[in-house]
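Visitor: Hi! Could you walk me through this one, please?

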Amino acid sequence: MSQPSASVPHLSIVSPCHNEAAGLAELVRRLEAVCRALPSLAAGGYEFVLVDDGSQDATWSTMQQLAADHPAIVAVKLARNHGHQLALTAGLSVCRGERILIIDADLQDPPELLPEMMRLMDGGADVVYGRRRQRVGEGPLKKLTAAGFYRLIEKLSDVPIPRDTGDFRLLSRRALDVLLAMPERHRFIRGMVSWIGFRQEP
């Protein structure tokens, strides 16, 4: 793992990566552009925590090169592929920010929503989550299985989990601390975040 600086950043961005070498440079470019445009982050008060989840391509060497070129990047390498949720947990356990953005490396969720998410957190939310309004480019089968998944989760869970959401969300440090204190070994982050409570807004 590359070593971060001693100061505590205002924002950590955590992204689990599995065979994402081709898109990592674009991920970092877009994240940096968004962060530099925010007054609270323009002076460099942010870090990117990229977690290599046992990739079989050049993800790790690409991360190392990006970390050498960008001091804000913390690169973490897992010993093998542990799966998305544990890779995400690993990144969350080492990030240091007062606020934490979770985003997948494939850029299916737009980093450009960060300013609006920060604004909602400025207004008092502890969790701000992205919710899809439409599923562009997805076929009928994909839409049907997604709808079925959320209905099944609603029946199995005592805690409502917002529909059409993934792990793309901004957490306050106090919300993350509660999440990390949970002892579950088989983790479903979006369900666990719903369970912890606090003020949560889409």
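Guide: Happy to. Helices (H or I, at least four residues) and strands (E, at least two) are DSSP runs, numbered from the N terminus. This is a predicted model, where local features need pLDDT of at least 70, side-chain atom pairs count only at pLDDT 80 or more, and totals for chains, interfaces and linings use all residues. Residues are numbered from 1 along each chain as its sequence is written, and side-chain values use heavy atoms, with hydrogens and water left out.

Visitor: How many salt bridges are there in the whole structure?

Guide: The search finds ten. A salt bridge here is a side-chain nitrogen of Lys or Arg within 4 Å of a carboxyl oxygen of Asp or Glu. One of them joins Arg36 and Glu32, at 3.7 Å from N to O.

Visitor: Where do Arg36 and Glu32 lie?

Guide: Both are in helix H1, four residues apart, which is about one turn of the helix.

Visitor: And is Glu32 buried or exposed?

Guide: Buried, with a relative accessible area of 10%, while Arg36 counts as exposed at 52%. The cut-offs: buried is under 20% relative accessible area, exposed is over 50%, and partly exposed is in between (1.4 Å probe, protein chains only).

Visitor: What does Arg30 pair with?

Guide: Glu112, with the closest N and O atoms 2.8 Å apart. Arg30 is in helix H1 and Glu112 is in the loop between E4 and H4, so this pair ties together parts that are 82 residues apart in sequence. Glu112 is partly exposed, at 41% relative accessibility.

Visitor: Which residue does Lys77 bridge to?

Guide: Asp52, at 3.5 Å between the closest N and O atoms. Lys77 belongs to strand E3 and Asp52 to strand E2, so parts 25 residues apart in sequence are tied together. Asp52 is buried at 0% relative accessibility, whereas Lys77 is partly exposed at 44%.

Visitor: New topic: which residues touch the most other members in the largest nonpolar core?

Guide: Leu11, Leu114 and Leu170, out of 34 residues. Helix H1 gives the most to this core, six residues. By nonpolar core I mean buried Ala, Val, Leu, Ile, Met, Phe, Trp, Tyr and Cys residues joined through side-chain atoms within 4.5 Å.

Visitor: What does Leu11 touch?

Guide: Its contacts (heavy atoms within 4.5 Å) include Cys35, Arg99, Leu114 and Leu170, not counting residues up to four places away in sequence.

Visitor: Where is Arg99 placed?

Guide: In strand E4, residues 99–102. Arg99 is buried, at 13% relative accessible area.
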